[in-house]
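I opened my notebook with a few things to look up: the contacts with the RNA, the pockets and the sheets. Here is what I wrote down, step by step.

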Amino acid sequence: MTQVRVRFAPSPTGFLHIGGVRTALFNWLYARQQQGVFILRIEDTDQSRSTDESIRAIIEGLQWVGLDWDEGPYRQTERIELYRSHAMKLLDGGQAYWCVCTAEELEARRKEAEAKGLSPRYDGRCRNLDITRPSGEAALRFKAPQTGQTVVDDLIKGKIVFDNAVLDDLIILRSNGYPTYNFSVVVDDALMHVTHVVRGDDHLTNTPRQVPIFQALGFPVPQFGHLPMILGADKARLSKRHGATSVMAYKEMGYLPEAMVNYLVRLGWSYGDQELFARSELIEKFNWKNVQTSAAVFNPDKLLWMNAEYIKASSPETVAQALEPLLKHAGLLNDQDAVPHEWLAQLVILVRERAKTLVEMVEWVKPYFGETVVWDEAAAQKFLTPSTAPMLRKLLERFVSLPGFSKQAWEEQFKRLVEEEGMKMGQLAQPVRVALTGRTASPGLFDVMEVLGRERTLSRLRQSLTRAETASA
RNA sequence: GUCCCCAUCGUCUAGCCUGGCCUAGGACGCCGGCCUUUCAAGCCGGCAACACGGGUUCGAAUCCCGUUGGGGACACCA
């Protein structure tokens, strides 16, 4: 058995797209499962569109979702000589030829063909001209087979047959000396000994163009696998107008990388009825057989649900760690602040089942920072009034008389007061909730007190009591 | 236009290969209820799909053909 070698080969022309992450993910999963090699290769032969910033964005994105590569990043622009020498080999072997048609001429002919309702393919004008030493600028074309069939046995789609008659002679070396995509991939995949080429569906029709190049160069043809596309709600290919498509945008929106990974893998792959998978489980259970053959619509609602599941199920320490930078960004935490990690974890436990994202969690957690209560005006006006003041005062007195803090003891005291005064729980709970958190919605009252601690609970009660007593009725 | 891919609830999907176990299962969302000191979470229940038309067969979501629909490709982009 030869070792599995797969790759992710993005072109650095923007941020790392969700679809790209999923492609990388399937490759990575397979590599890890087979104890193979995962290669990162940057396809930057289009100098006008490639940027170093995009390369950094791709790397940052992959790192965020935890996809580590074993080789690379290779950059195609650093391998130009390799493509040129292999192109020359084809030229020498009579499997390629110089083409002196200009880009403008080709464009014009293509338009003309389209207007006539014909395929916009290259007409083969220079194929038999035997141009040996072009005087001006010229591109090198591959002599594609014109008869017979090219059969691709796709890992995902199965056997696909293409008539070679549909193919035209593609350019492998541009007149500026740079290789085109269909040529550089072949040379790289061959030279890097890639065993499985797994990429998006949109490359399916490139395959019968690439296979003959492998053969002409005398390289073994790798296995191919074409992943179905990800669509937007309108079933059109997922793009910016459908919302965020950059993975890092999801980081900023408060998503956990593990949730993103789980969602993306399940979008197009399944394992019976199972929805949630630990990463180790994905590596173990992943297979090509269960990869869907049809395109899938990206569903932000389900991602959100899954994120909530991960927030609830992850260790509070993990969540707290991911939350910390957002707390700092929100000004709730300073770098100097020595907030104990245990307290942060406790806070996460307090609010985690009501926050679906880390961004939401920041909102939930706000009331527990700072020495004073910040009231929501409407809440305070409704619940902190002269009529609720006497009860708040009685409760405060009872709490003050209790030594230290114990959740059980304080809860017991609270309930006793409710009972003695013949109140309903909610009649006291809501004013106290507002007194402590400034809001009408919060986690359980006694959990709130525990996180606040004795002193802050008492001082907030006092502060709110003052407001209640002085409020106009 | 030509070529290629695809087709189960609104969405992600199980089932399809190896026809009967499918009165088509799960999940998200939605609706209703329960729980309840608020908001959530949780639990219970409900709505909701085999694109269409032919065939093959005792029997088809499952096999075959066609139609329709959707997507992709046809660059000196990747």
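**Entry 1: a term first.** Before reading any contacts, I noted that a polar contact is a pair of N or O atoms within 3.5 Å. I also reminded myself that this is a predicted model.

Entry 2: I started with D273, where a polar side-chain atom lies 2.9 Å from a base nitrogen of RNA strand B. That is within the 3.5 Å limit for a polar contact. Next I looked up D46, whose side chain has an N or O atom 2.7 Å from a sugar or linking oxygen of RNA strand B. E353 uses its backbone instead: a polar atom there is 2.6 Å from a sugar or linking oxygen of the RNA strand.

Entry 3: How many residues surround RNA strand B? I found 66, and the closest are P120, R174, R354, R433 and S442. I then asked which parts of the RNA face the protein. Of the RNA atoms within 4 Å of the protein, 72% belong to sugar or phosphate, and the rest belong to bases.

**Entry 4: the largest pocket.** I moved on to empty space. Rolling a probe the size of a water molecule over the atoms shows where such space is left. The largest pocket has a volume of about 1,300 Å³. I found 39 residues lining this pocket, and P10, S11, D202, H203 and R237 are the closest to its centre. Elements that give two or more residues to the lining include β1 (5–8), α5 (181–191) and β9 (196–200). The largest share, four residues, comes from α1. Sorted by class, the lining has 13 nonpolar, 16 polar and ten charged residues.

**Entry 5: a sheet.** I finished with three strands that form an open sheet in the order β4-β5-β8, with antiparallel pairing. Why is one side of β4 and of β8 left without a neighbour in the sheet? Both β4 (96–99) and β8 (171–173) stand at the edges with a single partner strand each, so one side of each has no neighbour there. From one strand to the next, the twist averages 45°. I also checked one pair: β4 and β5 (residues 139–142) are joined over four bridges. In that pairing, Y97 has R141 of β5 as its bridge partner.

Technical notes: Residues are numbered from 1 along each chain as its sequence is written. Chains are lettered from A and ligands numbered from 1 in the order in which they are written. This is a predicted model: local features need pLDDT of at least 70, side-chain atom pairs count only at pLDDT 80 or more; totals for chains, interfaces and linings use all residues. Side-chain values use heavy atoms; hydrogens and water are left out. A residue is near a molecule or strand if one of its heavy atoms lies within 4 Å of it. A polar contact is a pair of N or O atoms within 3.5 Å; within protein, one must be able to donate a hydrogen and the other to accept it, and residues adjacent in sequence count only if both atoms are side-chain atoms. On a 1 Å grid over the protein atoms alone, a cavity is a set of points where a 1.4 Å probe fits but cannot get out, and a pocket is an open set with protein on both sides within 12 Å along at least five of seven lines; lining residues have an atom within 4 Å of a point. Grid points are joined across faces, edges and corners, and a volume is the space filled by probe spheres set on the points. Ala, Val, Leu, Ile, Met, Phe, Trp, Tyr, Cys and Pro count as nonpolar, Asp, Glu, Lys and Arg as charged, and the others, Gly among them, as polar. Two strands pair if DSSP finds at least two bridges between them. Axes are lines fitted to C-alpha atoms, for helices over the stretch in contact, and angles run from 0 to 180 degrees between N-to-C directions.
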